[in-house]
Amino acid sequence: MLTLQGEKVYLRAVEPEDLDFVHEIENNENFWEISATQSPYSKFLIRQYIENAHRDIYDIKQLRLVICTKRGRAVGLIDVFDLEPRDKRAAIGILIANKKDRRKGFGSESLSLLCNYCFTHLGLHQVYANVTANNKDSMKVFENNGFRKIGLKKDWTLFNGEYKDEWLYQLISNVH
């Protein structure tokens, strides 16, 4: 699908071969703050998730794609979730797993590809993201892709005994 191919990365469906990659990400406690995870996931549960990942986004209200370099190496995950078909909006989450793969444009290009897909193929009117106020890199990626910071949620998330503020970012489609 050309819509999901960029110059640096392409986005593809989650495959059974991604089990270890997804398991490693979901069980990395360093990512739990951004994913609102509170406990580990078993390989059994992740395998079940992957087996059902083919279901229609309008049925399960989410879509997870693997971010791959042009050479096919998986570097992260990008999600559309909390889809609201009536209001034509959905949330977006993105993660580049390894620090050495960050700040190379993979996340920014992936976000651009996914937003284009959401607007042109899913017919969404808007997408939004929630970013912890101390996550400067994520804030920059969303801002560089046209998202506007529209509100601050004070003491929104509790992580390791500390409340953190969270910014709400929004991008409204210009596709008519």
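User: Leaving aside neighbours within four places in sequence, which residues is Val127 in contact with?
Analyst: A word on the model: this is a predicted one, where local features need pLDDT of at least 70 and side-chain atom pairs count only at pLDDT 80 or more, while totals for chains, interfaces and linings use all residues. Residues are numbered from 1 along each chain as its sequence is written, and side-chain values use heavy atoms, with hydrogens and water left out. Contact means heavy atoms within 4.5 Å. With neighbours up to four places away set aside, Val127 is in contact with Ala90, Ile92, Cys115, Cys118, Phe119, Phe147, Tyr169, Gln170 and Leu171.

User: Which residues have the most contacts inside the largest nonpolar core?
Analyst: A nonpolar core is a set of buried Ala, Val, Leu, Ile, Met, Phe, Trp, Tyr and Cys residues joined through side-chain atoms within 4.5 Å. Here the largest one has 33 residues. The residues with the most contacts inside this core are Leu114, Val127 and Phe147.

User: Which element gives the most to this core?
Analyst: Helices (H or I, at least four residues) and strands (E, at least two) are DSSP runs numbered from the N terminus. Several of them supply at least two residues each, including strand E3 (74-84), helix H5 (106-120), strand E5 (126-132) and strand E7 (162-172). The element that gives the most, with eight residues, is H5.

User: How many residues are in the second, separate core?
Analyst: Let's look at some of its members. Among them are Leu19, Val22, Phe31 and Leu95. The size of this second core is 12 residues.

User: How are the rings of Phe142 and Phe147 arranged, stacked or edge-to-face?
Analyst: Rings of Phe, Tyr and Trp (its six-membered ring) pair if their centres lie within 6.5 Å; planes under 30 degrees apart count as stacked, over 60 as edge-to-face and the rest as tilted. The whole structure holds two aromatic pairs. In the pair of Phe142 and Phe147, the centres are 5.0 Å apart and the planes make 80 degrees, so by these cut-offs the arrangement is edge-to-face.

User: Which residues do ring pairs link into a cluster?
Analyst: Both Phe142 and Phe147 are buried (under 20% relative accessible area; exposed is over 50% and partly exposed is in between, with a 1.4 Å probe and protein chains only). Ring pairs link these two residues with one more. The cluster is made of Phe142, Phe147 and Tyr169.

User: Which strands stand at the edges of the sheet?
Analyst: The seven strands form an open sheet with mixed pairing, in the order E1-E2-E3-E4-E5-E7-E6. Two strands pair if DSSP finds at least two bridges between them. Each edge strand has a single partner strand, so one side of it is left without a neighbour in the sheet; these strands are E1 and E6.

User: How many bridges join E6 and E7?
Analyst: E6 and E7 form a hairpin with two residues between them. Lys153 has Glu166 in E7 as its bridge partner. The two strands pair in the antiparallel sense, and the number of bridges is eight.

User: What is the phi of Asn160?
Analyst: Asn160 lies in the loop between E6 and E7. At 72% relative accessibility, Asn160 is exposed. Most residues other than glycine have a negative phi. Asn160 is not a glycine, yet its phi is positive, at about 50 degrees.

User: Where is Lys88 placed?
Analyst: Lys88 also draws attention through its backbone. Though not a glycine, Lys88 has a positive phi of about 55 degrees. With 43% relative accessibility, Lys88 is partly exposed. Its place is in the loop between E3 and E4.

User: How far apart in space are Arg47 and Leu19?
Analyst: Arg47 is in helix H3 (residues 43-52) and is partly exposed, with a relative accessible area of 39%. In sequence, Arg47 and Leu19 are 28 residues apart. In space, C-alpha to C-alpha, they are apart by 6.4 Å.
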